[in-house]
Amino acid sequence: MRHMRVLITAPYHEKGLFDVKQDLGEVIYRPWKENGRAYNEDELIALLYETEAEALITEHDHVTEKVINANAHLQFIGVCRGTPSNVAVATATKHGIPVFYTPARNAQAVAEMFIANVITFMRKTLPAIDWLRGRNWSAGAHTSYLQFKGNELAGKKVGMVGFGAIGQLIARMIENYPCSIAYYDPYVNASSFPSYQQLSLEELFSTCDIVSIHLPVTADTKGMINARLFELMRPDAIFVNTARAVVVNRNDMYSALSQNKIKGAILDVFDNEPPDELDYKIIDLPNVLPTPHIAGATHEVEDHHVRILNEVLVEWFVHGKHSAERLANKEILSSYIQR
């Protein structure tokens with residue numbers, strides 16, 4: 001076991017901190033929440049220098065090229081996120097620093113919110129609540145029953161664009177409603193999911209009652225969901241995005257929604273956060289159920305990322321098992337093992 005000083009700026013519960021101390025050495029806990037925001041690169045450089053840290057566990061801090069070049073001695077960088085998008089991974093790779101991350105830490109949270117918001121939208125729950133609080137129940141006992149009659153999730157065909165951990169968990173949770181499950185993902189072997197339909201993107205958009213986006217941001221996926229695909233959707237179909245806003249052309253989405261070409265959208269992510277004028281035009285549409293990027297915001301998500309990251313740290317630094325699992329820069333694996 002290597003003894004090292006580990007700076008932890010990610011939220012970590014007491015048991016998790018204790019385990020890191022037991023397994024790796026010394027822990028310095030300076031959570032970004034106490035700073036009021038994520039540490040910027042200059043603050044992080046100063047903090048790493050002050051604490052003489054030899055390893056870093058972060059969540060949202062700006063671990064830039066400048067930060068890593070100034071701390072090329074780091075033994076590892078642990079990122080408590082589904083993707084290490086706040087870390088200059090290529091620079092870490094250049095210095096031979098393994099970058100670990102916590103895939104699927106928020107899968108349960110996002111899957112539960114998907115189900116909750118889809119049912120809320122389909123059952124017209126929010127407008128019904130507004131109607132009731134507006135003292136509108138005055139025209140007879142059955143007024144609300146007729147005005148807010150909605151649809152059931154059972155029997156619907158749900159299509160996942162991207163079929164990673166979150167899409168797969170949603171599928172398992174809703175298949176017994178029952179819902180039929182389809183997905184588009186060129187990286188998934190269809191034989192792994194014989195009871196689900198693997199479709200082309202065009203087939204998925206044209207045949208599903210609910211289309212849900214679960215794509216990472218890459219050069220290929222930016223703006224991938226565009227007018228051509230929205231035009232294929234059925235008029236009673238619902239569009240859901242709890243992944244990343246930039247994979248969708250928001251002008252095309254606004255056009256489809258504002259012209260009622262589809263039934264509506266459930267959106268947790270926006271091109272600008274906080275939103276700009278066009279984002280708010282989308283948010284204000286009556287057929288949109290918007291939430292402020294909270295699909296993954298549960299207390300339990302922090303428990304999950306502690307467990308996932310601590311497991312990989314034990315494997316690497318206690319048991320000496322250098323696996324590519326949960327390693328963002330797999331390129332370093334062969335050279336690291338040879339050390």
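Guide: The model is predicted: local features need pLDDT of at least 70, side-chain atom pairs count only at pLDDT 80 or more, and totals for chains, interfaces and linings use all residues. Residues are numbered from 1 along each chain as its sequence is written, and side-chain values use heavy atoms, with hydrogens and water left out.

Visitor: Why is T9 called buried?

Guide: Buried means under 20% relative accessible area, exposed means over 50%, and partly exposed lies in between (1.4 Å probe, protein chains only). T9 has 0% relative accessibility, so T9 counts as buried. T9 sits in the loop between β1 and α1.

Visitor: Which residues is T9 in contact with, beyond its neighbours within four places in sequence?

Guide: Contact means heavy atoms within 4.5 Å. By that rule T9 touches R30, P31, W32, Y39, L47, L56, I57, T58, E59 and D61.

Visitor: What makes V188 a buried residue?

Guide: V188 has a relative accessible area of 15%, so V188 is buried. V188 lies in the loop between β7 and β8. Neighbours within four places aside, V188 is in contact with F163, Y183, F193 and Q198. N71 is 117 residues away along the chain, and its C-alpha atom is 37 Å from that of V188.

Visitor: How many helices and strands does the protein have?

Guide: There are 15 helices and twelve strands. Both are DSSP runs numbered from the N terminus: helices are H or I with at least four residues, strands are E with at least two.

Visitor: What are the bounds of domain 1 and domain 2?

Guide: Domain 1 covers 4-101 + 299-338, and domain 2 covers 106-290. Such bounds come from an automatic or database domain assignment. Their C-alpha centres lie 34 Å apart. The C-alpha atoms of the protein fill a box of roughly 70 × 50 × 35 Å, taken along the principal axes.

Visitor: What does UniProt list for residues 16-315?

Guide: An unreviewed UniProt entry lists "domain: D-isomer specific 2-hydroxyacid dehydrogenase catalytic" there. The positions are in the numbering used here, feature names are shortened, and annotations may be inferred rather than shown by experiment. Over residues 16-315 the chain is 40% helix and 14% strand. The end C-alpha atoms of that stretch are 15 Å apart.

Visitor: Why are β2 and β5 said to stand at the edges?

Guide: Their sheet is open and has five strands, ordered β2-β1-β3-β4-β5, with parallel pairing. β2 (25-29) and β5 (99-101) each have a single partner strand, so one side of each is left without a neighbour in the sheet. The twist averages 20° from one strand to the next.

Visitor: What makes β4 and β5 a pair?

Guide: Two strands pair if DSSP finds at least two bridges between them. Three bridges join β4 (residues 77-79) to β5, and the two run parallel.

Visitor: Which strands do α1 and α3 lie across?

Guide: Helix α1 (residues 14-24) lies across β1 (4-8) and β2, at about 145° to β2. Helix α3 (residues 41-51) lies across β1, β2 and β3 (55-58), at about 145° to β1. Axes are lines fitted to C-alpha atoms, for helices over the stretch in contact, and angles run from 0 to 180 degrees between N-to-C directions.

Visitor: What is the strand order in the sheet of seven strands?

Guide: The order is β8-β7-β6-β9-β10-β11-β12, in an open sheet with parallel pairing. The edge strands are β8 (197-198) and β12 (288-290), each pairing on one side only. β7 (residues 180-184) and β8 pair in the parallel sense over two bridges. A182 stands opposite Q197 in β8. β9 and β10 pair over four bridges, also in the parallel sense.

Visitor: What makes both faces of β10 covered?

Guide: I238 and V240 on one side, and F239 and N241 on the other, are all buried.

Visitor: How does the reach of α6 compare with the span expected?

Guide: The expected span is 1.5 Å times one less than the number of residues. Helix α6 (residues 107-122) has 16 residues and reaches 22 Å from its first C-alpha to its last, close to the 22 Å expected. Among its buried residues are A107, V110, F114 and F121. α6 lies across β6 (157-161), β9 (210-213), β10 (238-241), β11 (264-267) and β12, at about 150° to β11. Just after α6, K124 takes a positive phi of about 55°.
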